[in-house]
Amino acid sequence: MTESYPGCRDCLAVYDADSKSLEHNDSCPVGAGIAATTVADKEWFERHPNATEYHRPVSWAESVEYGLRGFPGATHVLVKHLAPSVRARIPYARKAKA
Ligand SMILES: [Zn+2]
């Protein structure tokens, strides 16, 4: 089975399932949003040097990317600090309170 992924709706970027990367054009708002989110996560860990992970709501740009990657329902992201300048982002859906 060949998996296919749609491209970015705001630029011509196509998700590469092998490298798990999506390279947006410089002018793409999704790419700019991802870059801003990356900086915000880096700064959060700089403010919390003893933390190894934190949870936050998914950003708009991330919600677009996760949709392209087959996880459109993500509401939050678990950000793990793995090593200096290496962070993992794990999207998940937080259930609404009953
Ligand atoms: Zn794009």
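I take helices (H or I, at least four residues) and strands (E, at least two) as DSSP runs, numbered from the N terminus. I note that the model is predicted, that local features need pLDDT of at least 70, that side-chain atom pairs count only at pLDDT 80 or more, and that totals for chains, interfaces and linings use all residues. Residues are numbered from 1 along each chain as its sequence is written.

**Entry 1: overall layout.** I looked up the secondary structure and found two helices and three strands. From the N terminus on, I read the elements as α-β-α-β-β. Along the principal axes, the C-alpha atoms fill a box of roughly 40 × 40 × 25 Å. I call a residue buried if 20 or more other C-beta atoms, placed from the backbone, lie within 10 Å of its own. By that criterion, 16% of the 98 residues are buried.

**Entry 2: the end of α2.** I checked the backbone just after α2, where G70 takes a positive phi of about 90 degrees.

**Entry 3: the helix pair.** Helix α1 (residues 29-47) packs on helix α2 (residues 60-68) at an angle of about 115 degrees, and I find their axes 8 Å apart. Here axes are lines fitted to C-alpha atoms, for helices over the stretch in contact, and angles run from 0 to 180 degrees between N-to-C directions. From α1, the residues V30, G33, I34 and T37 meet W60, A61, E62, V64 and E65 of α2. I sorted these residues into five nonpolar, two polar and two charged. For this sorting, Ala, Val, Leu, Ile, Met, Phe, Trp, Tyr, Cys and Pro count as nonpolar, Asp, Glu, Lys and Arg as charged, and the others, Gly among them, as polar.

**Entry 4: the buried side of α2.** I find A61, E62, V64 and E65 buried in α2. They lie on the same side of α2 because they cover an arc of only 160 degrees around the axis, the arc being that of the directions from the helix axis to the C-beta atoms. The cover over the buried residues of α2 includes α1 and β2 (76-83).

**Entry 5: the sheet.** I traced an open sheet of three strands in the order β1-β2-β3, with antiparallel pairing. Two strands pair if DSSP finds at least two bridges between them. β1 (53-57) and β3 (86-92) are the edge strands, each pairing on one side only. Between β1 and β2, which run antiparallel, I count five bridges. I also located R56, which stands opposite V77 in β2.

Methods. Contact = placed C-beta atoms within 7 Å. Buried ≥ 20, exposed ≤ 12 C-beta atoms within 10 Å, placed from the backbone.
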